[in-house]
Amino acid sequence: MFYTTERDKMRQFYADTWQKAARNDPMDAMETRVARVIEMHPEYHPMLNNQKHLGSDYLPELGETNPFLHMGMHLALQEQVALDRPQGIQAIYQQLGQKLRDIHTTEHAMMDCLGEALWQAQQNQGLPDDKAYLECLQNLLQEPHQPA
C-alpha cells in the first residue's frame with residue numbers, strides 16, 4: 001500500500017515546479033515564486049532534478065538541513081514582506097537589503113529571527129510574538145556588516 005502525506009505532496013510540488021522552470025513551461029504565480037527560490041539554491045538542484053531524498057527526514061541532530069523547510073522560510077519571509085505583516089517588516093527588509101546588498105543574504109539573516117519566533121511560539125503553544133520578532137529583525141540593522 002502506498003501512502004502519500006501532505007509533506008510528500010508539497011515536496012513533489014517543488015520538484016514538479018523545478019522541472020517546469022527547466023522546460024520553460026508556463027507557471028502560475030506560486031510556481032514562479034518557488035522557482036525563483038529554488039534558483040537561489042543550486043545545492044538543491046540535483047536532489048530536485050532526480051527527486052532523490054524527497055521523502056528524507058533531514059535530521060538537524062545529524063547536521064542535516066531540510067531543504068524544503070529552508071526554501072519554505074524564504075517564501076514565508078517574502079510573503080510577510082509583500083503584506084508588510086507584521087507591520088514594519090517591509091521597511092526592515094529594505095533597509096537590511098541596502099546594508100547587505102544581497103537579497104539572498106538578507107533573507108538568510110532574517111530567517112534566523114523567523115526561526116526563533118516560530119520555535120518560541122511552538123514552545124509556548126501559541127502564536128508568534130510579533131513584537132519580539134520585529135525586535136530581533138531590528139537588531140540585524142545594528143549588527144556590523146559581514147561581507148559574504
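Helix 6 supplies five residues to the lining of the largest pocket, the largest share of that lining. This is a predicted model, in which local features need pLDDT of at least 70 and side-chain atom pairs count only at pLDDT 80 or more, while totals for chains, interfaces and linings use all residues. Residues are numbered from 1 along each chain as its sequence is written, and side-chain values use heavy atoms, with hydrogens and water left out.

**The largest pocket**

- The lining consists of 14 residues, and Thr65, Asn66, Leu69, His70 and Met73 are the ones that lie nearest the centre of the pocket.
- Two or more lining residues come from each of helix 4 (67–83) and helix 6 (103–124), where helices are DSSP runs of H or I with at least four residues, numbered from the N terminus.
- A pocket here is an open set of points on a 1 Å grid over the protein atoms alone, where a 1.4 Å probe fits, with protein on both sides within 12 Å along at least five of seven lines, and lining residues have an atom within 4 Å of a point.
- The space in the largest pocket is about 310 Å³, a volume being the space filled by probe spheres set on the grid points.

**The disulfide**

- Cys113 and Cys136 form a disulfide with their sulfur atoms 2.1 Å apart, the cut-off for such a pair being within 2.5 Å.
- This pair links distant parts of the chain, since Cys113 is in helix 6 and Cys136 in helix 7 (residues 130–142), 23 residues apart.
- The torsion about the S-S bond of Cys113 and Cys136 is about -75 degrees, so the disulfide is left-handed.
- Cys113 is buried at 2% relative accessible area, whereas Cys136 is partly exposed at 28%; buried means under 20%, exposed over 50% and partly exposed in between, with a 1.4 Å probe and protein chains only.
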